[in-house]
Amino acid sequence: TVVAGVAGIGKTTMVQKIVYDWATEKIYQHFQFVFIFKFRDLNSISCRINLNELILDQYPYFRNILEEVWKNPEKLLFIFDGLDEFKGRIDFADNQRDTVEPQHICTDPE
């Protein structure tokens with residue numbers, strides 16, 4: 001899902017509310033972990049990294065448990081906030097997909 005709107009309309013506040021409601025067990029309880037990545041923070045990353053490395057960069061305290069966390073990828077929610085603030089280039093084309101069906105579960109974070 002993509003949420004779009006003009007600056008100042010409350011997109012980041014909505015993200016914070018979603019995470020708060022998840023943490024207080026009001027919504028999305030089927031997710032075990034919620035990872036938020038802010039594009040303004042991602043601007044400091046100067047090399048290409050995979051999702052596993054990104055998690056450890058932003059959440060280093062997951063280093064000892066991340067392998068266990070990946071055993072249930074359907075229980076992970078990833079939120080990326082502030083795409084308009086990102087300075088890098090994003091390639092939304094998926095050249096490695098071998099099917100026309102959408103992939104809903106990341107089976108290999110690397």
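Mentor: One term to start: buried means under 20% relative accessible area, exposed over 50%, and partly exposed in between, using a 1.4 Å probe and protein chains only. This is a predicted model, where local features need pLDDT of at least 70, side-chain atom pairs count only at pLDDT 80 or more, and totals for chains, interfaces and linings use all residues. Residues are numbered from 1 along each chain as its sequence is written, and side-chain values use heavy atoms, with hydrogens and water left out.
Trainee: Okay, is Glu 25 buried or exposed?
Mentor: Glu 25 counts as exposed because its relative accessibility is 60%. Its phi is positive, near 60°, in a residue other than glycine.
Trainee: And where does Glu 25 lie?
Mentor: In the loop between α1 (11-23) and β1 (33-38). Helices (H or I, at least four residues) and strands (E, at least two) are DSSP runs, numbered from the N terminus.
Trainee: What about phi of Tyr 28?
Mentor: That phi is positive too, near 55°. Tyr 28 lies in the loop between α1 and β1, and at 38% relative accessibility it counts as partly exposed.
Trainee: Switching to the helix: which residues of α1 are buried?
Mentor: Val 15, Asp 21 and Trp 22. Down the axis of α1, the buried residues fall within an arc of 130° (taken from the directions from the helix axis to the C-beta atoms), so they line one face.
Trainee: What do they pack against?
Mentor: β1 and β2 (76-81), with contact meaning heavy atoms within 4.5 Å.
Trainee: And which exposed residues does the face turned away carry?
Mentor: Thr 13 and Ala 23.
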